[in-house]
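Here is a short tour of a protein fold, written for someone who likes to know the cut-offs behind each term. Have the viewer open as you read.

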Amino acid sequence: MAAHRRSRQRPVGGTTARAAATVVLAGAATAAGFDGAGHAAPQPAPARAQADVDRLHREAEVATEKYNGAEEEAESARQRLRGLQDETARAQTRLNKARETLGTVAAAQYRTGGLDPVLRLMLSDDPDACLDGVALAERSGSRHHAELGRVRAQLREIEKLRGAARVEAKTLTARRAERERHKRTITEKLASARRALSRMPPQERARITGDTDRAARSAGGREAAAPPQAPNARAAQAVAYAHQKLGSPYVWGATGPDAFDCSGLVLAAYRSAGVSLPRTTYAQINAGRKVSRSELLPGDLVFFYSGISHVGLYVGDGRMIHAPNPSAPVRVAPVDQMPFAGATRVV
């Protein structure tokens with residue numbers, strides 16, 4: 001029996017050893033190939049994922065500024081077209097009056113029978129009266145020719161205005177089509193950025209979107225009570241306005257008061273100070289006097305990337321307030337966070 005039991009124990013021991021070895025090997029395989037589980041559902045490395053998100057947001061911002069430019073040009077074309085239409089209507093009124101005058105002269109000539117003045121003189125019983133009538137007819141003829149000249153000039157003016165209006169209508173159509181193309185690009189890039197964000201680990205995603213940056217935003221809010229010294233009252237007002245908008249969402253094409261894109265924020269900030277700025281980053285960089293990075297003062301506009309696709313409002317101490325992208329609210333950030341392209345002092 002003992003031998004029998006021993007013979008049964010050996011298989012049991014062997015099974016246990018094999019099971020233990022299997023567990024150890026499985027654990028080793030798991031430890032050695034932990035990333036192997038990630039191959040089934042790959043997640044990009046945080047640095048690469050953030051680079052992808054940043055790139056997509058930059059591309060969307062470039063398209064946003066082009067959209068803003070196309071919208072601005074479309075509005076200008078609309079205004080020019082309305083002006084041409086109004087001027088055409090006024091010219092048409094003048095033409096109608098000239099035609100009425102011309103019709104009155106023509107009717108008067110018709111009533112006189114349209115006889116040749118010499119023939120009327122020969123047939124007249126009162127030559128003196130006839131001569132007076134001839135002189136009147138000649139004066140009427142002169143007025144008739146003058147009215148004809150005015151009508152011709154007004155017809156040419158109206159045709160010129162209508163031609164200009166046709167050009168502006170085509171420009172408006174082209175700008176609207178351009179705007180819609182940029183809108184599609186923005187939508188596609190932002191959708192891709194959202195998908196890239198969704199694949200990131202929660203902590204990395206929160207860091208990019210600013211969900212863990214409440215303390216920094218609170219500190220920025222406290223600074224609103226005592227903003228850095230600006231060179232003049234208008235620059236100080238622009239800086240104060242930007243501080244008040246910390247935490248506001250980024251919305252492409254928006255210029256406030258509750259949401260902004262990057263150029264919309266600085267436009268609104270200076271609008272609050274009574275200063276009118278162009279709509280796009282490309283135009284804003286030429287809206288004032290260029291200053292070097294070492295000369296920056298609060299209220300200066302700071303621009304980034306080689307395509308001048310992003311702008312912020314300098315607030316002092318090497319920092320700016322800007323509207324980063326749809327994944328992050330208006331916030332304070334270091335100026336050296338992005339490739340510096342230039343700065344402008346508008347007041």
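**Sheet, helices and burial at a glance**

Three bridges join E3 to E4, and these two strands run antiparallel. Helices (H or I, at least four residues) and strands (E, at least two) are DSSP runs, numbered from the N terminus, and two strands pair if DSSP finds at least two bridges between them. This is a predicted model: local features need pLDDT of at least 70, side-chain atom pairs count only at pLDDT 80 or more, and totals for chains, interfaces and linings use all residues. Residues are numbered from 1 along each chain as its sequence is written, and side-chain values use heavy atoms, with hydrogens and water left out.

**The protein as a whole**

- The secondary structure comes to ten helices and six strands.
- Of the 347 residues, 35% count as buried; buried means under 20% relative accessible area, exposed over 50%, and partly exposed in between (1.4 Å probe, protein chains only).
- Take the contacts between residues at least 6 apart in sequence: 66% of them join residues at least 24 apart. Contact here means heavy atoms within 4.5 Å.

**The sheet**

- Six strands make an open sheet with antiparallel pairing, in the order E1-E6-E2-E3-E4-E5.
- Strand E1 (289-291) and strand E5 (331-334) are the edge strands, each pairing on one side only.
- From one strand to the next, the twist averages 40 degrees. Axes are lines fitted to C-alpha atoms, for helices over the stretch in contact, and angles run from 0 to 180 degrees between N-to-C directions.

**Strand pairs and their partners**

- E1 pairs with strand E6 (residues 340-345) in the antiparallel sense over three bridges, and Lys290 has Thr344 of E6 as its bridge partner.
- In the E3 and E4 hairpin, two residues lie between the strands, and Asp317 takes a positive phi near 60 degrees.
- Leu313 has Ile321 in E4 as its bridge partner, while the bridge partner of Ile321 in E5 is Val332.
- E4 and E5 pair over four bridges in the antiparallel sense, and Met320 stands opposite Ala333 in E5.

**Helices H8 and H9**

- The axes of helix H8 (residues 233-244) and helix H9 (residues 262-271) come within 7 Å and cross at roughly 130 degrees.
- That angle makes H8 oblique to H9; angles under 35 degrees count as roughly parallel, over 145 as roughly antiparallel, 65 to 115 as roughly perpendicular and the rest as oblique.
- H8 contributes Arg234, Ala235, Ala238 and Tyr241 to the contact, and H9 contributes Ala268, Ala269 and Tyr270.
- By type, the residues of the contact of H8 with H9 divide into six nonpolar, no polar and one charged. Ala, Val, Leu, Ile, Met, Phe, Trp, Tyr, Cys and Pro count as nonpolar, Asp, Glu, Lys and Arg as charged, and the others, Gly among them, as polar.

- H8 lies across strand E3 (310-316) and strand E4 (319-322), running at about 105 degrees to E3.
- H9 packs on the sheet, where it touches strand E2 (301-304), E3 and E4, and its direction makes about 45 degrees with that of E3.
- H9 is mostly covered, with nine of its ten residues buried; among them are Cys262, Leu265 and Leu267.

- Val266 lies in H9 and is buried, with a relative accessible area of 1%.
- Not counting residues up to four places away in sequence, Val266 touches Leu277, Gln284, Leu301, Val311, Gly312 and Leu313.
- The C-alpha atoms of Val266 and Val311 are separated by 7.8 Å, although the residues are 45 apart along the chain.
- Thr88 is found in helix H3 (residues 46-111) and counts as buried at 12% relative accessibility.
- Leaving aside neighbours within four places in sequence, Thr88 is in contact with Ile158, Leu161 and Arg162.
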